[in-house]
Amino acid sequence: MMWSRPQSGNSHRESLMMSESRRQVSVTACPLERLRLICLSRGASGIMGLGRMFRLMDDDGSKALNFEEFSRGMQDAGLELDASHLQELFDMFDKDKSGSVSLNEFLLQIRPPLSENRLSLIKQAFNKMDKTGDGVVTIDDLRNVYSVKAHPQYQSGELTEDQILEKFLSNFDTEHAFDGKVTEEEFINYYAGVSSSIDEDGYFDLMMRQAWRL
C-alpha cells in the first residue's frame with residue numbers, strides 16, 4: 001500500500017472551503033465562529049492542530065486555560081479582539097463557569113460539528129490502525145497493519161520500513177510538532193476539518209471506506 005497525505009475528498013473542495021472561510025472571517029461578528037473560520041482557512045490541518053494549540057497555550061501545565069493564557073493564545077492564533085470580546089469568547093468556552101477552560105471544553109466548542117455517522121466512520125478508521133487499543137497510533141501499530149514491501153522507495157532501498165511509516169504518521173502532525181504518533185483526538189480533529197469541506201454524507205462515507213478499506 002502506498003501512502004500520501006490524507007485528502008479531504010479532493011483538493012478543489014478543500015481550496016473552496018479555505019477561500020470561503022477567509023471571506024467569512026471579515027464579515028462574521030461572533031468571535032467563536034471567527035476563530036473556527038481562521039482554523040478552517042488553513043485547511044483541514046488547521047483543525048488538526050487544535051489539541052496541540054491548547055497545550056502550547058497552557059503555560060502552567062494545569063491542563064486548563066485561565067483567562068490570561070487564553071488571551072495570549074487567541075492573539076497567537078491571529079484573532080484580534082478587545083478585552084470585552086475576549087471575555088465574551090472565554091465565557092463561551094467556559095461552559096461550567098469554573099473560571100478556566102479545559103481541553104474538552106475547548107475542542108467541543110471549536111471543532112466543526114460531526115454527525116454520528118461521520119464520527120463513527122472516523123473512529124472505525126482510527127481503531128483499525130490502533131492495534132493495541134491504547135488510543136495512540138505508533139509505528140509499532142502500523143507494522144502490524146500494513147506491509148511496506150510494495151512501496152517503491154522501500155524496494156529501491158531509498159527508505160527503510162521505519163522511515164516510510166514515520167512519513168505516513170507525519171501526515172497527521174502539525175508543521176513544527178512531529179512526535180511519531182497520532183492520538184484519536186488528533187485523528188478526529190483532522191477529519192472534522194475534512195468533513196467541513198464535504199457537504200454530501202454519501203461522498204464522505206465513500207471516501208472514508210475507500211481510504212481506510214472499512
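Predicted model: local features only at pLDDT ≥ 70, side-chain atom pairs only at ≥ 80, totals over all residues.
Q109 is part of helix 7.

Leaving aside residues up to four places away in sequence, Q109 is in contact with L32, R36, M92, F93 and K95. Two of these names, L32 and R36, return below among the buried residues of helix 2.

## The chain as a whole

The protein chain holds 13 helices and four strands. Of its 214 residues, 44% are buried. Among contacts in the chain with a separation of 6 or more, 63% are between residues 24 or more positions apart.

## Helix 2

Helix 2 runs over residues 31-40, and eight of its 10 residues are buried, so the helix is largely enclosed by the rest of the structure. The buried positions are P31, L32, L35, R36, L37, I38, C39 and L40. From this list, L32 and R36 touch Q109, which lies in helix 7.

## Helix 4 against helix 7

Helix 4 covers residues 50-57 and helix 7 covers residues 103-110; the two pack with their axes 10 Å apart, at an angle of about 135°. Helix 4 and helix 7 are therefore oblique to each other. Their crossing is right-handed.

On the side of helix 4, the contact is made by L50, G51, M53, F54 and R55; on the side of helix 7, by L103, F106, L107 and I110. By type, the residues of this contact are seven nonpolar, one polar and one charged.

An α-helix has 3.6 residues a turn, so residues three or four places apart point the same way. In helix 7, L103, F106, L107 and I110 are the residues that meet helix 4.

## Helix 8 against helix 12

The crossing of helix 8 and helix 12 is right-handed.

Helix 8 contributes R118, L119, I122, K123, A125, F126, N127 and M129 to the contact, and these meet E184, F187, I188, Y191 and S195 of helix 12. The residues in this contact divide into eight nonpolar, two polar and three charged.

## Annotated segments

An unreviewed UniProt entry carries the annotation "domain: EF-hand" for residues 45-80, 81-116 and 117-152. In the model, residues 81-116 are 56% helix and 6% strand, and the end C-alpha atoms of this span lie 34 Å apart.

G73 belongs to helix 5, which spans residues 67-76. With a relative accessible area of 4%, G73 is buried. G73 and D59 are 14 residues apart in sequence, and their C-alpha atoms are 10.0 Å apart in space.

Notes. Residues numbered from 1 in each chain as written. Heavy atoms only, no water. Axes fitted to C-alpha atoms, helices over the stretch in contact; angles between N-to-C directions. Parallel < 35°, antiparallel > 145°, perpendicular 65-115°, else oblique. Left-handed = near helix turned anticlockwise from the far one by under 90°. Contact = heavy atoms within 4.5 Å. Nonpolar A, V, L, I, M, F, W, Y, C, P; charged D, E, K, R; others polar. UniProt positions renumbered as here; feature names shortened; annotations may be inferred. Buried < 20%, exposed > 50% of the residue type's maximum accessible area, 1.4 Å probe, protein only.
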